[in-house]
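Here is a short tour for anyone meeting this structure for the first time. Have a look at it, then read on.

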Amino acid sequence: MPWRDIWRKFVNYFMFSLTGICALVTVGVLFFILGYLVWNGGSSLSWAFLTHLPTPVGEPGGGMANAIVGSAKLLLLASLIGIPIGFLGGVYLAEFGGRSFPFVVRYTADLLNGVPSIVMGIFAYTIVVLPMKHFSAFAGGLALGVMMIPIAVRSTEEALRTVPLMLREGALALGASKWKTIATVVVPAARKGIVTGIILDIARVAGETAPLLFTAFSNRFWSPGWNQPTASLPVMVFTYAISPYEDWHRQAWAAGLVLLTLVLVANVAAKLSVSGRSAR
Amino acid sequence: MPTASAPPKRRPPGLIQGLRSGDTFAHVLTLLCAASILLVTVALVQQLYVNSTGALHKFGFRFLTGRTWDPVSGDFGALPFVYGTLVTSALALLVAVPLGVGAAIFLSELAPPRISNAMTFVIELLAAVPSVIYGLLGMFILVPFLRQYGEPFLKHTLGFLPLFRGPMYGVGMLAGGLVLAIMVVPFIISLSREVLLAVPVEQREAALGLGATKWESTWQVVVPYARIGIMASVFLALARALGETMAVTMVIGNDPKINASLFAPGYSIAAVIANEFAEATGDLYIQALVELGLVLFALTIVINGLARIVIITTTQKGSAH
Amino acid sequence: MKKLSILSMILLSATFVLASLVAFHSSRSSATPIPAPDTIMLNGAGATFPYPIYSKWFSDFNKIHSGIEINYQSIGSGGGIRQLLSGTVDFGASDPPMTDEQLGHAKTKILHFPTVLGAVVPTYNIPGISQELSFTPEVLVGIYLGRITKWNDAEIAKSNNGVNLPAQDIVVVHRSDGSGTSYVWTDYLSKVSPEWQSKVGRNTSVNWPVGLGGKGNEGVTGLVKQTPGAIGYVELIYAVQNQIPYGRVRNAAGVFVKADLAGVTAAAASFAKTMPEDFRISITNAPGKAAYPIASFTYLLIPTKIEDASKRQVIKDFLTWMLNDGQKEVEALSYSRLPKEVVARELKQISQIQ
């Protein structure tokens, strides 16, 4: 009956407009945040900011070079720990597992994700910093890496699950062993989803402050190697934002901007490297 | 690789075995990685337990029902923090899930691929914003807005509910929940969109072929097909909401009291640990804070369990798994 | 697809090359040398309040002695004490002096070295009021206990003749995070009010009877600025840098004093004769007409036995420099200098470090 069809058409347009609004709201919030960062911190961005060490309050020319390098180091170590373990764990859950063990692992992964980052930091402090008797970039990278594992596991598993059974069966029917099927057929088919999960993972961990306060500590100077405390962008943002000085506030915003830019670059690079045909 | 001059080798008898052990190797390796999560969790719980034994003995179950948090007299109770954590996280999900899933549907079904990719790219950046910045923005933008416009509006329209009564400071559980919502929505959007995009096109075509409108096809076929993946993203969002510290503490008012109104200031477990751990001196004080961490852990177990039960009892056939 | 993969590879390599150039360049420039192999690095942790002046001191010290890098981070007074006791840092820093219980946990004796003085001021935001308010101790206690709830209360009006206080609700703001500032504030309130002492007490973190919690001095400042009718307590340095109004407080001699650098130094000086040997003292509610009543030292915590001879020398040299030249730099950053008598006694204490 036409009345009913008119209603259905209306619902169609209405609901999709609603979803469009949802998307716009979210994107709008981000642009707002970015705009705020640029507005407040843009004036502090300069070549000096990117290449110099921090200076005391009131002295011009200070920068966050050590924090930028420090964040890069920490994220590198965290990724080296978190991504392989998380990825392989996700492969297990999607490809190998039975019923009860994967259930327990999934459940536990969600639990770990919910642990406050400060508790993770304290945990890393007690098992790494205390025995070593000093703060270090290594401890910081470890704390962040452990935080990355549960997210990587879950997102990899979900991405692998989207690959249709047909692809797996086809490969197996052609005589490939299970691991070969996974490595050469399933994972490449799911690579976009896997990469998205990893990017989200890195992004989330890149902005974490609390775990670093007790592990990597921070440093006003350069931090050679992995055994010394190191500065990092989130900690600098935190330290400067809670100070009383206007100049340091602006630098905090600028640091936030730099951090977002770093993540953006990583995002672009990763997305580009897995572009092309995939399962969808 | 055998050289040209060497005689061709006989097929090694263990070829099948070799393949199998390759599989076995893969199985064991990935199993170990998955098990690492269990290992870390056990170690974490053990550390939490060991570092809070004094408080556990002193308070027992009273800790869960106690409402006072007094570092000077050594009287600690977790109830206001549990309440604040639950309320802010629930509010965050109530806002973020419809918003996030809605946006994900738009990005996967309606938006042209270029626009979808560009918008998703931008949304994923939101996940990288340090929580300190969310907190500062919350304090400078959201809180004044709530105090001057948001909360009076809610009071005016929905003030008959006990949720929207009382003095309006701007800071409070409403602000906390909203900030959390914005922080977790990128996870929901990004992961849900991936899962929705992966739904086989045949499913959509089948529905459309039967005469469904695009929305009906999306809502009644595609989304249910992807529901497990969407649920996974919601769990991730929930986890982040439960454990968020910096941003929440800047806008929630930090008052350990239980109040029915969302306008009232509250306090969450993660926030109080972040606020007081660095300065806490005195064994009982530190142990009480660590015990709060244990309580949060237990809370997470319960919430996750309940959510999973709900999902299992309402799962229909015809999903991706 | 191949083109895009190549593009991404180029992008990644370019970023890597750029980053290396940046690191290389900065390591070469004289403003930011990468430490030479014989650099001595020390780590310290503790109070947030003196972070700006400590980072200035360590930076200036590094300019004079280029091989010495002293890295200090603010993780809170309690955190600093804990790290010092665990041995993960070379020295600590704290606003409240260490308690006997904490000192008992230490493996070697810990020395307290006061470095600068700070003050805590009551800041407020009352719509329509631009004059400076005067607070008596009783009023402050009454507000923070929740007994005085409106700005036009008789007790407040008593000491503020001529100010047209509105019938506005008072919104109390305190610190949510544990802090030395809270310690000083509650220490003062405990001294002037037995009721406060028994009901709430003094600590870096207490069970506040009323009020909202702001995170950090910044959080309190922000809340007070935004909330009409709010009152909060912040370090003087924040009030000055952010140009927010703060009131006078009546001191033990009955004089209403507005916090300034000189008044704080006077508070410390009035205790100079009665100061214990280890410098662990509270200087709130100081006697003396010019003394500001809510002031405090902040301390560097140095172990007496330092095994590493080069580190030991660095610390001794730094302390000597800090007490002489370092003190000249503090007032520019809104900290108060140590009184002369205290400086003299500290210089003597340096010899105890072995």
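Chain C has a mean pLDDT of 86, and 90% of its residues reach 70 or more; pLDDT is the predictor's confidence in each residue, on a scale from 0 to 100. Among the elements of chain C, helix H5 (residues 137-145) has the highest mean pLDDT, 95, while helix H1 (residues 2-28) has the lowest, 52. Over residues 23-33 of chain C the pLDDT is below 50, and beyond near neighbours in sequence this stretch has 12 contacts in the model. Two residues are in contact if their C-beta atoms, placed from the backbone, lie within 7 Å.

This is a predicted model, where local features need pLDDT of at least 70 and side-chain atom pairs count only at pLDDT 80 or more, while totals for chains, interfaces and linings use all residues. Residues are numbered from 1 along each chain as its sequence is written, and chains are lettered from A and ligands numbered from 1 in the order in which they are written. The model scores ipTM 0.83 and pTM 0.83.

## What chain C is made of

Chain C holds 13 helices and 11 strands. These are DSSP runs numbered from the N terminus: helices are H or I with at least four residues, strands are E with at least two. Take the contacts in chain C with a separation of 6 or more: residues 24 or more positions apart account for 71% of them.

## A bent helix in chain A

Helix H3 (residues 65-96) of chain A has 32 residues and spans 45 Å from first C-alpha to last, close to the 46 Å expected (1.5 Å times one less than its number of residues). H3(A) bends by about 30° at A:Ser79, the angle between axes fitted to the seven residues ending there and the seven starting there. Because 26 of its 32 residues are buried, H3(A) is largely enclosed by the rest of the structure.

## Where A meets B

The contact takes 79 residues from chain A and 77 residues from chain B. On the chain B side, helix H1 (residues 15-50) gives the most, with 17 residues.

Definitions and conventions: Buried ≥ 20, exposed ≤ 12 C-beta atoms within 10 Å, placed from the backbone.
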